[in-house]
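Here is a friendly walk through one protein model, region by region. Please keep the sequence and the 3D view open as you read.

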Amino acid sequence: MSKRLTPQRRHQILDQLARDGEVSVEALARELATSEVTIRKDLAFLEKSGLLLRRYGGAVAMPRELLVHDEPVSAAKQAIARLAASRIRAHQRIIIDSGTTTVVLIPELKGRDDLIVMTNSLSVANAIRELENEPVLLMTGGTWDPHSDSFQGQVAEQVLRSYDFDQVFLGADGLDLERGTTTFNELIGLSRVMAEVSREVVVMAESHKLGRRIPNLELAWSSISTLITDDALPDAARDQIRAHGVEVLIAPLIEPATA
(Lines give C-alpha, C1' and ligand atoms only; values in the text may rest on other atoms or scores of the structure.)
Protein backbone atom coordinates (compact mmCIF):
# COMPACT_ATOMS: atom_id res chain seq x y z
CA MET A 1 0.00 0.00 0.00
CA SER A 2 1.17 3.55 -0.68
CA LYS A 3 1.78 6.05 2.08
CA ARG A 4 -1.47 7.84 1.33
CA LEU A 5 -3.32 4.64 2.32
CA THR A 6 -1.61 4.35 5.70
CA PRO A 7 -4.55 5.87 7.65
CA GLN A 8 -6.97 3.50 5.89
CA ARG A 9 -4.79 0.50 6.73
CA ARG A 10 -4.56 1.53 10.39
CA HIS A 11 -8.33 1.96 10.56
CA GLN A 12 -8.68 -1.58 9.22
CA ILE A 13 -6.33 -2.84 11.92
CA LEU A 14 -8.38 -1.13 14.62
CA ASP A 15 -11.64 -2.47 13.16
CA GLN A 16 -10.29 -6.03 13.26
CA LEU A 17 -8.99 -5.49 16.78
CA ALA A 18 -12.40 -4.24 17.93
CA ARG A 19 -14.02 -7.30 16.37
CA ASP A 20 -11.59 -10.02 17.45
CA GLY A 21 -9.82 -8.56 20.50
CA GLU A 22 -6.40 -9.40 19.10
CA VAL A 23 -4.45 -9.35 15.83
CA SER A 24 -1.27 -10.98 14.54
CA VAL A 25 1.44 -9.35 12.44
CA GLU A 26 1.60 -12.28 10.04
CA ALA A 27 -2.15 -12.37 9.38
CA LEU A 28 -2.42 -8.59 8.98
CA ALA A 29 0.45 -8.49 6.51
CA ARG A 30 -1.27 -11.17 4.43
CA GLU A 31 -4.75 -9.66 4.58
CA LEU A 32 -3.61 -6.07 3.90
CA ALA A 33 -1.06 -7.07 1.24
CA THR A 34 1.87 -5.36 2.88
CA SER A 35 5.07 -6.32 4.71
CA GLU A 36 5.36 -7.43 8.31
CA VAL A 37 7.77 -4.52 8.86
CA THR A 38 5.04 -2.08 7.82
CA ILE A 39 2.49 -3.76 10.10
CA ARG A 40 4.89 -3.56 13.05
CA LYS A 41 5.32 0.17 12.39
CA ASP A 42 1.54 0.55 12.30
CA LEU A 43 1.15 -1.28 15.60
CA ALA A 44 3.91 0.81 17.17
CA PHE A 45 2.17 4.02 16.03
CA LEU A 46 -1.22 2.85 17.30
CA GLU A 47 0.23 1.82 20.66
CA LYS A 48 1.96 5.20 20.99
CA SER A 49 -1.46 6.77 20.35
CA GLY A 50 -2.94 4.73 23.20
CA LEU A 51 -5.17 2.58 20.97
CA LEU A 52 -3.77 -0.91 21.55
CA LEU A 53 -1.18 -2.94 23.45
CA ARG A 54 1.53 -4.74 21.51
CA ARG A 55 2.25 -8.36 22.34
CA TYR A 56 4.70 -10.84 20.89
CA GLY A 57 3.68 -11.45 17.27
CA GLY A 58 0.83 -8.96 17.28
CA ALA A 59 -1.35 -6.82 19.53
CA VAL A 60 -4.39 -6.92 21.81
CA ALA A 61 -7.15 -4.42 22.40
CA MET A 62 -6.47 -1.70 24.95
CA PRO A 63 -8.54 -2.22 28.11
CA ARG A 64 -11.34 0.33 28.08
CA GLU A 65 -10.22 1.98 31.29
CA LEU A 66 -6.74 2.61 29.85
CA LEU A 67 -7.77 4.29 26.61
CA VAL A 68 -6.21 7.71 26.18
CA HIS A 69 -8.61 10.61 26.78
CA ASP A 70 -8.03 14.33 26.94
CA GLU A 71 -9.53 14.63 30.40
CA PRO A 72 -8.43 16.60 33.44
CA VAL A 73 -6.51 14.81 36.17
CA SER A 74 -8.90 12.94 38.43
CA ALA A 75 -9.64 14.15 41.95
CA ALA A 76 -8.34 10.83 43.26
CA LYS A 77 -4.94 11.29 41.59
CA GLN A 78 -4.68 14.84 42.91
CA ALA A 79 -5.51 13.69 46.44
CA ILE A 80 -2.97 10.87 46.23
CA ALA A 81 -0.30 13.28 44.97
CA ARG A 82 -0.97 15.75 47.80
CA LEU A 83 -0.64 13.05 50.43
CA ALA A 84 2.49 11.64 48.77
CA ALA A 85 4.13 15.08 48.71
CA SER A 86 3.39 15.55 52.41
CA ARG A 87 5.55 12.48 53.09
CA ILE A 88 8.66 14.01 51.53
CA ARG A 89 10.93 15.57 54.13
CA ALA A 90 13.49 18.32 53.51
CA HIS A 91 16.77 17.53 51.75
CA GLN A 92 15.68 14.08 50.60
CA ARG A 93 16.88 12.20 47.54
CA ILE A 94 13.90 10.70 45.76
CA ILE A 95 13.07 8.77 42.60
CA ILE A 96 9.89 9.47 40.62
CA ASP A 97 9.07 6.72 38.13
CA SER A 98 7.25 7.29 34.86
CA GLY A 99 3.45 7.12 34.97
CA THR A 100 0.23 9.11 34.74
CA THR A 101 -0.20 9.15 38.53
CA THR A 102 3.38 9.88 39.56
CA VAL A 103 3.62 12.87 37.21
CA VAL A 104 0.76 14.49 39.17
CA LEU A 105 3.13 14.62 42.13
CA ILE A 106 5.35 17.20 40.39
CA PRO A 107 3.19 20.34 40.90
CA GLU A 108 3.15 19.50 44.61
CA LEU A 109 6.95 19.97 44.68
CA LYS A 110 6.75 23.65 43.76
CA GLY A 111 9.37 25.60 45.68
CA ARG A 112 11.12 22.44 46.94
CA ASP A 113 14.66 23.30 45.83
CA ASP A 114 15.92 21.31 48.83
CA LEU A 115 15.28 18.02 47.01
CA ILE A 116 17.23 15.86 44.57
CA VAL A 117 14.92 14.06 42.13
CA MET A 118 15.97 11.21 39.85
CA THR A 119 13.63 10.05 37.07
CA ASN A 120 13.60 7.91 33.96
CA SER A 121 10.69 9.86 32.48
CA LEU A 122 10.90 12.83 30.11
CA SER A 123 7.35 13.81 31.12
CA VAL A 124 8.39 13.98 34.77
CA ALA A 125 11.61 15.81 33.90
CA ASN A 126 9.79 18.39 31.77
CA ALA A 127 7.20 18.96 34.50
CA ILE A 128 9.98 19.53 37.04
CA ARG A 129 11.73 22.00 34.74
CA GLU A 130 8.52 24.06 34.58
CA LEU A 131 8.48 24.57 38.35
CA GLU A 132 9.67 27.76 39.95
CA ASN A 133 12.65 27.03 42.24
CA GLU A 134 12.58 23.43 41.06
CA PRO A 135 14.41 20.53 42.76
CA VAL A 136 17.79 19.36 41.50
CA LEU A 137 17.00 17.05 38.59
CA LEU A 138 18.89 13.87 37.65
CA MET A 139 18.10 11.57 34.71
CA THR A 140 18.83 7.85 34.53
CA GLY A 141 19.63 7.81 30.85
CA GLY A 142 19.49 4.40 29.20
CA THR A 143 17.55 2.96 26.28
CA TRP A 144 14.43 4.84 25.28
CA ASP A 145 11.34 2.64 25.37
CA PRO A 146 8.40 4.14 23.44
CA HIS A 147 5.96 1.66 24.98
CA SER A 148 6.49 2.95 28.52
CA ASP A 149 7.54 6.45 27.36
CA SER A 150 10.63 6.20 29.57
CA PHE A 151 14.27 5.16 29.72
CA GLN A 152 14.93 1.52 30.59
CA GLY A 153 17.75 -1.02 30.42
CA GLN A 154 21.12 -1.81 31.94
CA VAL A 155 22.57 1.71 31.68
CA ALA A 156 19.63 3.14 33.63
CA GLU A 157 19.98 0.38 36.23
CA GLN A 158 23.72 1.06 36.64
CA VAL A 159 23.08 4.78 37.14
CA LEU A 160 20.49 4.07 39.83
CA ARG A 161 22.80 1.67 41.65
CA SER A 162 25.48 4.36 41.90
CA TYR A 163 23.24 6.35 44.28
CA ASP A 164 21.14 5.67 47.34
CA PHE A 165 17.71 7.23 47.80
CA ASP A 166 15.35 8.02 50.65
CA GLN A 167 12.15 7.30 48.73
CA VAL A 168 10.87 6.09 45.38
CA PHE A 169 7.40 6.91 44.07
CA LEU A 170 5.91 4.42 41.63
CA GLY A 171 2.57 3.94 39.97
CA ALA A 172 0.85 0.66 39.09
CA ASP A 173 -1.49 -0.63 36.40
CA GLY A 174 -3.05 -3.03 38.87
CA LEU A 175 -3.16 -4.07 42.53
CA ASP A 176 -3.24 -7.79 43.24
CA LEU A 177 -4.19 -8.50 46.84
CA GLU A 178 -2.13 -11.68 46.92
CA ARG A 179 0.92 -10.77 44.82
CA GLY A 180 1.55 -7.00 44.78
CA THR A 181 1.57 -4.42 42.00
CA THR A 182 1.06 -5.53 38.40
CA THR A 183 1.72 -3.93 35.04
CA PHE A 184 0.97 -4.35 31.34
CA ASN A 185 4.57 -3.37 30.59
CA GLU A 186 6.93 -6.33 30.24
CA LEU A 187 9.96 -4.17 31.21
CA ILE A 188 9.86 -4.46 34.99
CA GLY A 189 13.58 -4.64 35.83
CA LEU A 190 14.11 -0.92 36.35
CA SER A 191 11.20 -0.56 38.78
CA ARG A 192 12.66 -3.35 40.86
CA VAL A 193 16.08 -1.67 40.91
CA MET A 194 14.41 1.59 41.98
CA ALA A 195 12.90 -0.28 44.91
CA GLU A 196 16.20 -1.95 45.79
CA VAL A 197 18.12 1.35 46.06
CA SER A 198 15.44 3.21 48.08
CA ARG A 199 14.82 3.08 51.81
CA GLU A 200 11.08 3.63 51.37
CA VAL A 201 9.06 2.32 48.41
CA VAL A 202 5.86 4.30 47.92
CA VAL A 203 3.23 3.09 45.43
CA MET A 204 0.67 5.66 44.25
CA ALA A 205 -2.42 3.96 42.80
CA GLU A 206 -6.12 4.68 42.54
CA SER A 207 -8.40 2.14 44.20
CA HIS A 208 -10.14 1.19 40.95
CA LYS A 209 -6.93 -0.61 39.92
CA LEU A 210 -7.68 -3.27 42.50
CA GLY A 211 -8.41 -6.70 41.10
CA ARG A 212 -7.40 -6.12 37.47
CA ARG A 213 -6.25 -9.27 35.72
CA ILE A 214 -2.79 -8.22 34.59
CA PRO A 215 -0.14 -10.90 34.04
CA ASN A 216 3.12 -9.14 34.90
CA LEU A 217 4.05 -8.84 38.59
CA GLU A 218 6.07 -5.66 39.07
CA LEU A 219 6.69 -5.49 42.82
CA ALA A 220 5.77 -8.03 45.49
CA TRP A 221 4.14 -6.62 48.62
CA SER A 222 7.29 -7.58 50.54
CA SER A 223 9.18 -4.96 48.48
CA ILE A 224 6.66 -2.16 49.14
CA SER A 225 6.72 0.09 52.20
CA THR A 226 3.65 2.24 51.60
CA LEU A 227 0.56 2.28 49.39
CA ILE A 228 -1.17 5.62 48.92
CA THR A 229 -4.64 5.30 47.44
CA ASP A 230 -8.06 6.96 47.61
CA ASP A 231 -10.90 6.48 50.04
CA ALA A 232 -12.86 4.17 47.73
CA LEU A 233 -10.58 1.26 48.66
CA PRO A 234 -12.73 -1.38 50.44
CA ASP A 235 -11.88 -1.93 54.09
CA ALA A 236 -11.33 -5.65 53.52
CA ALA A 237 -8.78 -4.92 50.78
CA ARG A 238 -7.01 -2.39 52.98
CA ASP A 239 -6.74 -4.90 55.80
CA GLN A 240 -5.46 -7.62 53.47
CA ILE A 241 -2.73 -5.35 52.08
CA ARG A 242 -1.74 -4.26 55.58
CA ALA A 243 -1.40 -7.94 56.50
CA HIS A 244 1.52 -8.07 54.05
CA GLY A 245 3.33 -5.49 56.19
CA VAL A 246 2.47 -2.54 53.94
CA GLU A 247 1.44 0.82 55.36
CA VAL A 248 -1.81 1.85 53.63
CA LEU A 249 -2.56 5.56 53.51
CA ILE A 250 -5.98 6.77 52.38
CA ALA A 251 -6.03 10.14 50.63
CA PRO A 252 -9.27 12.04 51.28
CA LEU A 253 -10.84 13.37 48.08
CA ILE A 254 -12.12 16.48 49.84
CA GLU A 255 -9.62 18.45 51.87
CA PRO A 256 -10.83 19.31 55.37
CA ALA A 257 -12.11 22.83 55.86
CA THR A 258 -9.92 25.20 57.84
CA ALA A 259 -11.29 27.03 60.81
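## About the model

This is a predicted model, in which local features need pLDDT of at least 70 and side-chain atom pairs count only at pLDDT 80 or more, while totals for chains, interfaces and linings use all residues. Residues are numbered from 1 along each chain as its sequence is written, and side-chain values use heavy atoms, with hydrogens and water left out.

## Two helices side by side

Let's start with the helices. Two packed helices are described by the angle between their axes and the distance between the axes. Helix H6 covers residues 154-161 and helix H7 covers residues 189-196; their axes come within 10 Å and cross at roughly 5°. That makes H6 roughly parallel to H7 (angles under 35 degrees count as roughly parallel, over 145 as roughly antiparallel, 65 to 115 as roughly perpendicular and the rest as oblique). Axes here are lines fitted to C-alpha atoms, for helices over the stretch in contact, and angles run from 0 to 180 degrees between N-to-C directions. Helices (H or I, at least four residues) and strands (E, at least two) are DSSP runs, numbered from the N terminus.

Which residues meet? On the H6 side they are Ala-156, Glu-157, Leu-160 and Arg-161, and on the H7 side Gly-189, Leu-190, Val-193, Met-194 and Glu-196. Contact means heavy atoms within 4.5 Å. By class, five residues in this contact of H6 with H7 are nonpolar, one is polar and three are charged (Ala, Val, Leu, Ile, Met, Phe, Trp, Tyr, Cys and Pro count as nonpolar, Asp, Glu, Lys and Arg as charged, and the others, Gly among them, as polar).

## A three-stranded sheet

Next comes an open sheet of three strands, with the order S10-S11-S13 and antiparallel pairing. S10 and S13 are the edge strands, each pairing on one side only. From one strand to the next, the twist averages 35°. Two strands pair if DSSP finds at least two bridges between them.

S10 (residues 174-176) and S11 (residues 180-183) pair over three bridges, and a hairpin of three residues joins S10 to S11. In this pairing, Gly-174 stands opposite Thr-182 in S11. S11 also pairs with S13 (residues 216-220), over four bridges in the antiparallel sense. There, Thr-181 stands opposite Leu-219 and Gly-180 opposite Ala-220.

## Aromatic pairs

How many aromatic pairs does the structure hold? There are two. Trp-144 and Phe-151 form an edge-to-face pair, 5.0 Å centre to centre with 70° between the planes. Rings of Phe, Tyr and Trp (its six-membered ring) pair if their centres lie within 6.5 Å; planes under 30 degrees apart count as stacked, over 60 as edge-to-face and the rest as tilted. The rings of Tyr-163 and Phe-165 have centres 5.8 Å apart and planes at 35°, so this pair is tilted.

Buried or exposed? Phe-151 is buried at 17% relative accessible area, and Phe-165 is buried at 1%. Trp-144 is partly exposed at 32%, and Tyr-163 is partly exposed at 29%. Buried means under 20% relative accessible area, exposed over 50%, partly exposed in between (1.4 Å probe, protein chains only).

## A loop residue

Finally, Ser-207 lies in the loop between strand S12 (198-204) and S13. Ser-207 counts as buried, at 11% relative accessibility. Leaving aside neighbours within four places in sequence, Ser-207 is in contact with Thr-229, Asp-230, Ala-232 and Leu-233.
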